[in-house]
Amino acid sequence: MLNSFADNISNLKREFQSVVREELSGVKEDVGSLKNELKKVRLQSEEMWFSAPATVTETDKGIFVRSICQDISFPFTLTNTTQRRILGKFRNPPNENAPEKKLQEFFMRQCTALGSLDSTKLMVHDTHSTPLLNTRKPDFVLIPKEWPLDSLNVVAVGEIRKQSGNGFSNADVGHAISFGEKVLQIQPRRSFVYVLLTDCIDICMFKVTKANEAKGQFRFSYGRISLQTLTFNTTNNPPTGWKHLVTIMECTHDDLGWVDPSLNFGTNTVNLVRSINTGRTSVVYEGKDNDNNRVVVKIAKEPIYLSCFKTEKNGLNKLSTKNSPHLQKLLHGSENNLVTTPLCSKVNHLQKKDIGDIIKTLKMVHLYYNRVHMDLRKYNFLRDDDGHIVIIDWGYSVTKDKTGSFAGALEVMPDYILESLIKGEQITYSPRIDLICCVRTFYLMFHKPTNADIKRISFNGAFDTKSKAQKLLNFWSNHVKTNLWKNLYKQAYDLNTKN
Ligand SMILES: Nc1ncnc2c1ncn2[C@@H]1O[C@H](COP(=O)(O)OP(=O)(O)O)[C@@H](O)[C@H]1O
Ligand SMILES: [Mg+2]
């Protein structure tokens, strides 16, 4: 039964293409509209990270920041460096009609000249087209000379924006500040970061500090260093803004709040090497342990997710004993982090063997460990170096057959679960949920348009689950019309009872 189920699923792609080509084009369109819905949701969930509770746009965020920020004086002794060469003086910046690209290039040329001074310790890197802070692209970041360009190494961050008649807009401020907050999220041990905002003529700075937490989410406080002139005028005396920038570049990473991102577990130290990705509840890094082995470090984004970490730690503790190549091994863990192997890569194509392995592993976990995963979206399947598929992210897993509230991969939940959510009912954690989630995830993976589209939905109960569930229910009922997928769904539903 199990094997034929796996076979059926893996033959689907070919059959699907020949049998339902017409439907596919319809699906693509509707997947497009679903994509928009999910994008909206994703934007909202990103906003959760913003410290202003009800902020939606960068403008709102800027207004919020300006309303609570404190004026602070420049916190370092000003540099004595003078600039004899013309490059590095920010002289003759592009005029206000010049495209932003020109401003960016001009800024980078000046900063590269300053970076070549012996006195400066930091380099300015152009990241306006590099998704450095996960998907976010700040215009520039400051990193110690010789250190690789990686989000873990960012010491300070900055944005280049044009000023209007009234200076920088609220949106400019909100935009810049959100990069500072992102740095604090990716560098979890750090408590503050400086954010630079400039138009190549003037420069202002903000100090973003992780302040306290409320309702399980981090809050921030903001300090503002007033706007100063960056560009040299005709005299050779450096203007204050220029001194600020050069002083910052002459600071050490410690001065600017950077903290070595290593974790200690008794006598073991795990060093973070690079950040890999941000998930729903965590930031995930590649690390090295005492013996220089490559490990994976998952750190909670916010205190609200600590319960997921507890669940995942308990789950992995048990699952590690099984020595399955399809499950992670837990090496260390504490309240807000988990250290595991293997280090994997993304899965772009599922092979027939993967499908069988996933289903068999899930059945084993259901049967022997009484756990239901609940979050079997594409992003939670990875591949190790030996080609094994690995099921990760047990943070939302639950005890089999218990009844309780819902958390997990809403977009691939069975219809009957979506219906229960619409009615506001509790749900029973049946193993069939995992199997049906797999069928639906495979469906989404076989339809290439959805690959990059159906992403995680933040699920903290803060949004309207009922209407999301209704949209998804409509999506599935409108698009899975072929007998092939209907049969698979039914098989997944029935497998539950037959094994
Ligand atoms: N072992 C690993 N190897 C490589 N990348 C990983 C590994 N574990 C997690 N990741 C990456 O980090 C992302 C988030 O991890 P995950 O455990 O799913 O956390 P979350 O609960 O935040 O979704 C994954 O989607 C994946 O891209
Ligand atoms: Mg995940």
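Ligand 1 lies between domain 1 (2–47 + 347–498) and domain 3 (261–343), because both give residues to the shell around it. The domain bounds come from an automatic or database domain assignment.

This is a predicted model, in which local features need pLDDT of at least 70 and side-chain atom pairs count only at pLDDT 80 or more, while totals for chains, interfaces and linings use all residues. Residues are numbered from 1 along each chain as its sequence is written, and chains are lettered from A and ligands numbered from 1 in the order in which they are written.

**Around the ligand**

The shell around ligand 1 holds 17 residues, and the closest are N277, G279, S282, V284 and D393. Here a residue is near a molecule if its C-beta atom, placed from the backbone, lies within 6 Å of it. Three strands, β9 (268–278), β10 (282–288) and β11 (294–300), each supply at least two residues of this shell. Strands are DSSP runs of E with at least two residues, helices are runs of H or I with at least four, and both are numbered from the N terminus. Sorted by class, the shell has eight nonpolar, six polar and three charged residues. Ala, Val, Leu, Ile, Met, Phe, Trp, Tyr, Cys and Pro count as nonpolar, Asp, Glu, Lys and Arg as charged, and the others, Gly among them, as polar.

**The open sheet**

Let us turn to a sheet. Seven strands form it, open and with mixed pairing, in the order β1-β7-β6-β5-β4-β3-β2. β1 (70–71) and β2 (122–126) stand at the edges with a single partner strand each, so one side of each has no neighbour in the sheet. Two strands pair if DSSP finds at least two bridges between them.

| Strands | Bridges | Direction |
|---|---|---|
| β6 (202–214) and β7 (217–229) | ten | antiparallel |
| β3 (140–144) and β4 | three | antiparallel |
| β4 and β5 (192–198) | five | parallel |

Strand β4 (residues 156–160) is mostly covered, with five of its five residues buried (20 or more other C-beta atoms within 10 Å of a residue's own, all placed from the backbone). A156, G158 and I160 point one way from β4, and V157 and E159 the other way.

Conventions. A residue is buried if 20 or more other C-beta atoms lie within 10 Å of its own, exposed if 12 or fewer, and partly exposed in between; C-beta atoms are placed from the backbone.
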